[in-house]
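Hello,

Here is the structure I promised to pass on to you. Please have a look at it first, and then read my notes below.

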Amino acid sequence: MMRIRGQRDFGIGAIYLALGLAGFIIARDYSFGSAGRMGPGYFPTIISSLLIVFGLVTLGRGILRDGAQVGDINWKGLGLVTLSVCAFGFLLERAGLAIALSLLVLISAAASERFRLEGRAILGLLALVVFCVVVFVEGLGLPMPIFGEWFRN
């Protein structure tokens with residue numbers, strides 16, 4: 001009989017594995033391309049494959065090594081992180097990447113008891129937003145508005 005020695009590792013491994021398998025199944029309908037000329041299925045397939053590997057390793061760790069038991073669910077954190085992702089999806093076209101990403105980070109950071117909105121946190125947020133705009137919109141040419149329809153004339 002198999003005994004789960006580390007419930008937390010086993011549980012997160014199962015989540016990684018499930019998400020990886022779901023992403024892999026969804027991405028198989030997209031063309032893969034190559035490393036030099038990536039198709040729409042390239043990135044999801046690579047990320048899903050990594051999630052599957054991490055999931056299997058973490059599942060094995062939960063079976064083979066003693067670890068922490070599953071405790072209470074942090075409903076506040078779960079709710080705020082879920083809200084931040086939904087807000088990002090809602091705001092991306094309407095307010096643009098800069099605003100949507102800023103709110104994603106601020107709302108999800110509020111899930112931590114240790115988060116404080118200080119000067120360093122604001123500078124880090126601004127650096128992240130500028131980096132994402134430069135890399136994803138300007139560098140890679142992803143069709144995301146920096147400022148959305150709410151800021152257009």
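A word on terms before the notes: a residue is called buried when its relative accessible area is under 20%, as found with a 1.4 Å probe. Please also keep in mind that this is a predicted model.

Let me begin with helix α4, which covers residues 97-109. Its buried residues are L97, A98, A100, L101, S102 and A109. Among the elements that cover these buried residues are α3 (75-95) and α5 (119-139).

What makes up the largest nonpolar core? Nine residues do: L92, L97, A98, L101, L125, V129, C132, V133 and V137. L97 is worth a click in your viewer. Apart from neighbours within four places in sequence, L97 is in contact with F88, L92, S102, C132, V133, V137, M144, P145 and I146.

Now to the aromatic rings. Two rings count as a pair if their centres lie within 6.5 Å, and by this rule there are two aromatic pairs. In one of them, the ring centres of F32 and Y42 are 4.8 Å apart and the planes stand at 45°, so this pair is tilted. F32 sits in the loop between α1 (7-27) and α2 (42-64), while Y42 belongs to helix α2, so the pair ties together parts that are 10 residues apart in sequence. Buried or partly exposed: which is F32? With a relative accessible area of 36%, F32 is partly exposed, whereas Y42 counts as buried at 17%.

The other pair is F147 with F151: their ring centres are 6.0 Å apart and their planes are at 75°, so the pair is edge-to-face. F147 is partly exposed, at 46% relative accessibility.

There is also a charge over a ring to look at: R94 lies over the face of F90, at 4.0 Å from the ring centre.

Finally, the annotation. UniProt, in an unreviewed entry, lists residues 12-145 as "domain: DUF1468". Over that stretch the chain is 70% helix and 0% strand, with the end C-alpha atoms 34 Å apart.

Best wishes

Methods. Residues are numbered from 1 along each chain as its sequence is written. This is a predicted model: local features need pLDDT of at least 70, side-chain atom pairs count only at pLDDT 80 or more; totals for chains, interfaces and linings use all residues. Side-chain values use heavy atoms; hydrogens and water are left out. Rings of Phe, Tyr and Trp (its six-membered ring) pair if their centres lie within 6.5 Å; planes under 30 degrees apart count as stacked, over 60 as edge-to-face and the rest as tilted. Helices (H or I, at least four residues) and strands (E, at least two) are DSSP runs, numbered from the N terminus. Buried means under 20% relative accessible area, exposed over 50%, partly exposed in between (1.4 Å probe, protein chains only). A charge sits over a ring if NZ of Lys or CZ of Arg is within 6 Å of the ring centre and within 35 degrees of the ring normal. UniProt positions are given in the numbering used here, feature names are shortened, and annotations may be inferred rather than shown by experiment. The expected span of a helix is 1.5 Å times one less than its number of residues. Contact means heavy atoms within 4.5 Å. A nonpolar core is a set of buried Ala, Val, Leu, Ile, Met, Phe, Trp, Tyr and Cys residues joined through side-chain atoms within 4.5 Å.
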